Amino acid sequence: MKNTNKIFFSEKYQKILKELNYLEKDRIFCKHDLNHFLSVARISYILTLEAELDISKDLIYTTALLHDIGRVSEYKTGREHDQASFELAKEFLIESDFNKDDKTLILGAIGNHRQDKGGDDFSAIFYKADKLSRPCLVCPAQQKCNWPKKKMNLEISY
């Protein structure tokens, strides 16, 4: 988890995460905080093992840490957060030890985490994990949420 921790403990990441927490302090719906990032990572890891894909835990957790970090830009400028996260992730990945193929895998999952393209590759698994991470069954804002009931996680599955 060398790369995950290097990114997480970087001054730049901590600054963005702090700002994101501040911008979402009054948000009643699912927050995009470290708890969300770690839930996505853990579910992605389980799904990756179940699919028997050879993807490192470091790659999975790095992807999860970076996938929603662009929300700061979305709140401030209106730019879609998946696009902003993709650009920020490129900057963070420069300092990582991931090879070119791993960086492509990470960026692909981040860039596609809002689109269900089906399949069983890492991007599809990451998309699914991001959606499964939401604890709708205990959410106090469930009645106000604009997610369709059929999309909500109303049972424990992961």
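## Charges over rings

Lys 12 lies over the face of Phe 92, 5.4 Å from the ring centre; a charge sits over a ring if NZ of Lys or CZ of Arg is within 6 Å of the ring centre and within 35 degrees of the ring normal. Over the ring of Tyr 45 sits the charged end of Lys 57, at 5.5 Å from its centre.

## Basis of the model

This is a predicted model, in which local features need pLDDT of at least 70 and side-chain atom pairs count only at pLDDT 80 or more, while totals for chains, interfaces and linings use all residues. Residues are numbered from 1 along each chain as its sequence is written, and side-chain values use heavy atoms, without hydrogens and water.

## Aromatic pairs

Four aromatic pairs occur in the structure (ring centres within 6.5 Å; planes under 30 degrees apart are stacked, over 60 edge-to-face, the rest tilted). Tyr 13 and Phe 92 form an edge-to-face pair, 5.8 Å centre to centre with 75° between the planes.

Phe 8, Phe 9, Tyr 13 and Phe 92 form one aromatic cluster.

## Helix 8

The rings of Phe 122 and Phe 126 have centres 5.9 Å apart and planes at 50°, so this pair is tilted. Both residues are buried. They are four residues apart in helix 8 (residues 122-132), a separation of about one helical turn.

Key. Phe/Tyr/Trp six-rings, centres within 6.5 Å; stacked < 30°, edge-to-face > 60°. Helix = DSSP H or I, 4+ residues; strand = E, 2+ residues; numbered from the N terminus. Buried < 20%, exposed > 50% of the residue type's maximum accessible area, 1.4 Å probe, protein only.
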